[in-house]
Amino acid sequence: MSPAPTDSSVQRTLAWTTNQDFPVGKGATVQEFVAVAGDNRYIIDVAPWGEGRFMVDGREIAIVDRAKDARQAFNDLSILAEKYLRGEPIEVGIPRRAPLIPAAKAKLLGGKRGLIVGIANENSIAWGCARAFRALGTDLAVTYLNDKAKKHVDPLAEALEAEIVMPLDVGTPGQMESVFERIGKEWGTLDFLVHSIAFSPKEALQGRVVDVSRDGFLATMDVSCWSFIRMAHLAEPLMTKGGSLFTMTYYGSQRVVSNYNIMGVAKAALESAVRYLAAELGPKGIRVHAISPGPLATRAASGITEFDKLLDKARGKAPARSLVTIDDVGVATAFLAHDAARLITGETLYVDGGYHIVD
Ligand SMILES: NC(=O)c1ccc[n+]([C@@H]2O[C@H](COP(=O)([O-])OP(=O)(O)OC[C@H]3O[C@@H](n4cnc5c(N)ncnc54)[C@H](O)[C@@H]3O)[C@@H](O)[C@H]2O)c1
């Protein structure tokens, strides 16, 4: 176990150790520290941008959101934890709600504008991407599936200060065109696009590939693959200064993953589409990537049978011995949108703790 980030000026009675189930070490997004006090389990989570929370037996006791970095967040919270242990009141003045968007000092993507498709709620991979892109200084347009989804997406769009918020069901004729038309009218150009959507009817997704119906196959391919090709088509004329296009894929495209079924076939097509699009659009400075995250407990994932087993396997087998977070995916995607990545295109980037390299 690695030790907690200590500061000798803080008198501690609690012995903090890192939680092995969380990303640890240099470059990790969120770190978790655990201490046991009698029958109680104390937990401190900290993020590199200076947010953190202190919990006792799963109950949130305090939050910091303006620390300089993870170390300072840990120190502030560990002082509060010591007070809590001694039964002393925890002063007010500690912000109770962490901001939804992390504060990044260097606006490395400042001036860029992008469209994020696929936010359903705070667990969505698209939300992790939107948070990272916004924190790094971009202006965003976001979409929501329909009226039912709008109430979940609206507060997130507000936190992102999204300039354009529109409905988009890729199966509804004309809606994709309307989104890109509005971007053309209001922004004139587009710098990046994140396509983070997939769908397969239950009977297609949960059955054998050998049994899939034509309708099930077409519906899966339509939303999960063709919609990305069409978005690339609509984005191309707006990317007059170049740009980058991203879509989310999964390892089940490369190997047979239990219960991933027809979605694996769709993701294989999607990854191939990424390479063709990258070759066709590269001369215009438009780069195209698939991002391949390890399993994440999202609404889409809940449609996959025995998804918990996939999580357990990923945690145990990945060299990093931890599950990825949506923030890990967001930051990796944002890196590829930076001009520093201008000669990287057509990739499938695994954000999976190294799972895919291990037999
Ligand atoms: N969760 C995982 O383990 C995992 C791993 C690798 C890749 N992915 C991929 O990441 C992407 C995002 O999924 P998620 O896990 O964040 O789940 P999610 O449920 O949060 O997001 C899926 C999104 O797809 C949207 N969608 C579905 N049908 C649509 C349609 N007809 N038109 C427009 N939008 C539609 C939903 O509204 C939702 O916002 C998907 O492509 C998924 O296959 C997920």
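Entry one. The model I am reading is a predicted one. In it, the axes of α2, which covers residues 125-135, and α9, which covers residues 326-337, cross at roughly 55° and come within 7 Å. I also looked up the hand of this crossing, and α2 passes α9 in a right-handed way.

I then listed who takes part: from α2 the contact uses Ile125, Trp127, Gly128, Cys129, Arg131, Ala132 and Phe133, while α9 supplies Ile326, Asp327, Val329, Gly330, Val331, Thr333 and Ala334. Sorted by class, the residues where α2 meets α9 are nine nonpolar, three polar and two charged.

Entry two. Next I turned to α4 (residues 175-186) and α6 (residues 214-235), whose axes come within 10 Å and cross at roughly 30°. Angles under 35 degrees count as roughly parallel, so I wrote down α4 as roughly parallel to α6. The crossing of α4 and α6 is right-handed.

Which residues in α4 and α6 meet? I found Met176, Glu177 and Phe180 on the α4 side, and Arg230, Met231, Leu234 and Ala235 on the α6 side. In the contact of α4 with α6 I recorded five nonpolar residues and two charged ones, with no polar residue.

Methods. Residues numbered from 1 in each chain as written. Predicted model: local features only at pLDDT ≥ 70, side-chain atom pairs only at ≥ 80, totals over all residues. Axes fitted to C-alpha atoms, helices over the stretch in contact; angles between N-to-C directions. Helix = DSSP H or I, 4+ residues; strand = E, 2+ residues; numbered from the N terminus. Left-handed = near helix turned anticlockwise from the far one by under 90°. Contact = placed C-beta atoms within 7 Å. Nonpolar A, V, L, I, M, F, W, Y, C, P; charged D, E, K, R; others polar. Parallel < 35°, antiparallel > 145°, perpendicular 65-115°, else oblique.
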